[in-house]
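Good morning, colleagues. Please look at the sequence and the structure on the screen while I go through a few local features.

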Amino acid sequence: MKKLLIVLSMLATMSLNAQDMAHYKRIVKELSSSKYQGRGYARGGANKAGRFLQKEFIKVGVDEVVCQPFKLDINTFPGRMNLSVDGKKQIPGVDFTMREYSPGVKGTFPLYHIDTLTYDSEKIFRDLALPENKGAFVVCDFMFSYKHRDDFKRLQSKECANGGLLFTWEEPMKFYKAYGEKVGDKPIIWVPYRFPKDARTITADIDNKFLKDYECFNVIAKVEGRRHDSCFVFTAHYDHLGNLGRKVFYAGANDNASGTATIVTLAAYYAKNQPEYDMYFIAFSGEDAYLRGSEYFANHPIVPLKQIKYLFNIDMIGDNNPTAYCEVSDEGMRGYPLFEEINKEKRYFNAINRGELAGNSDHYPFAIRHVPCIFIENENGDAFKYYHTIHDNWKNALFDSYEPVFRLVRDFVERF
């Protein structure tokens, strides 16, 4: 009889894990679908995703869900996105992307290629003042521009007569959003290294739309514990990059439907297994726009920050690297040895590499406010090359890290 109970218990655990994985995959697939248009702002995709998550938290049985509104300024590209080089049409997201703070642009422009081997700053600005180069787009390797920052700042300003810049960069083409809270003086277009070095003209018809005081919201779910004097917090950002024109969007399956789905399934677990302490599950918006959502919450917390025993920020775990990556706040270091110990005992990951604290994900506003926290990511696997590209989609989604992350976090909470 005892053996039978053990077998039944094992089967029940396996069934629960399979159910969790199915739930996890369903959320990742939903959030990365065309319905949410890359979970950006111009077409309301982020807010649609937030409403979906609000319903998901309610469905899994949490005790409370609230939406915390905040506003941001953001530049977007929801309209026309047409570019041709010497008459040859280019594909958005494949052959070019936009610098996130770029204005729109319309017209045909000559190209001026910078010779990086015989770079002559004075000659460049003399050439650009010639009538035949009026309104020219300057073509240059992006990394090279860092060697001559002052010149390239000038080329991006109204001071110089050039029309804009084409920066060459590696493929697949990436799109960045964090600096989109403003609109620059001139359009800047990313193109791949394969951009033809003998190209003479570009024709562009590209729209931008700047959203001022755009209202977003964080989705905050709570599972009540047996004690209310302290709490654990689990966070993930659900927003992403949105659109690049009318037909292209950035699905963000790994970044960060993967982390968002994880905190929903964690909420489902604790809703069925009442924890010792209150549990908060916060899906942030505005992460890809300077951490606006998490910064707002840190300044307007619904639970005192000093009551947080530990915060887990789960971002981009949709990958298959057997080594995990993490960052830990100074106060969080008192729990980090236990975190590593559990991983070694259970062998969830081959290793956990700890990097220096960086201000590019939602744990950072808490870390600088002395909250014990850890950031978990799975980078440099097969999915990482698709970061911030149109290829980070359901088709390329990977699920290897979900269960190890889920179990590692759960085990830490039980033992901390």
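I begin with asparagine 256, which is found in helix α6, residues 253–272. Please bear in mind that this is a predicted model. The peptide bond that leads from aspartate 255 into asparagine 256 is cis, and its omega is near 0°.

Another cis peptide bond joins glutamate 171 and proline 172, with an omega of about -5°. Proline 172 sits in the loop between β7 (164–169) and β8 (188–192).

Let me turn to backbone angles. For arginine 39, phi is near 50°, a positive value in a residue other than glycine. You will find arginine 39 in the loop between α1 (2–31) and α2 (45–59). Is arginine 39 buried or exposed? Its relative accessibility is 0%, so arginine 39 counts as buried.

Histidine 370 also has a positive phi, near 70°, and is likewise a residue other than glycine. Its place is the loop between α9 (364–367) and β18 (373–377). Histidine 370 counts as exposed because its relative accessibility is 56%, and the cut-off for exposed is over 50%.

Which residues make the nonpolar surface patch of about 310 Å²? They are Met143, Tyr146 and Tyr193. Of these, methionine 143 belongs to helix α4, residues 142–145. Methionine 143 has a relative accessible area of 42% and is therefore partly exposed, a class that lies between the limits of 20% and 50%.

Technical notes
Residues numbered from 1 in each chain as written. Predicted model: local features only at pLDDT ≥ 70, side-chain atom pairs only at ≥ 80, totals over all residues. Heavy atoms only, no water. Patch = residues over 30% accessible without salt bridge, like charges linked within 9 Å, V, L, I, M, F, W, Y side chains within 5 Å. Areas by Shrake-Rupley, 256 points an atom, 1.4 Å probe, with all protein chains shown as cover. Salt bridge = Lys/Arg side-chain N within 4 Å of Asp/Glu carboxyl O. Helix = DSSP H or I, 4+ residues; strand = E, 2+ residues; numbered from the N terminus. Buried < 20%, exposed > 50% of the residue type's maximum accessible area, 1.4 Å probe, protein only.
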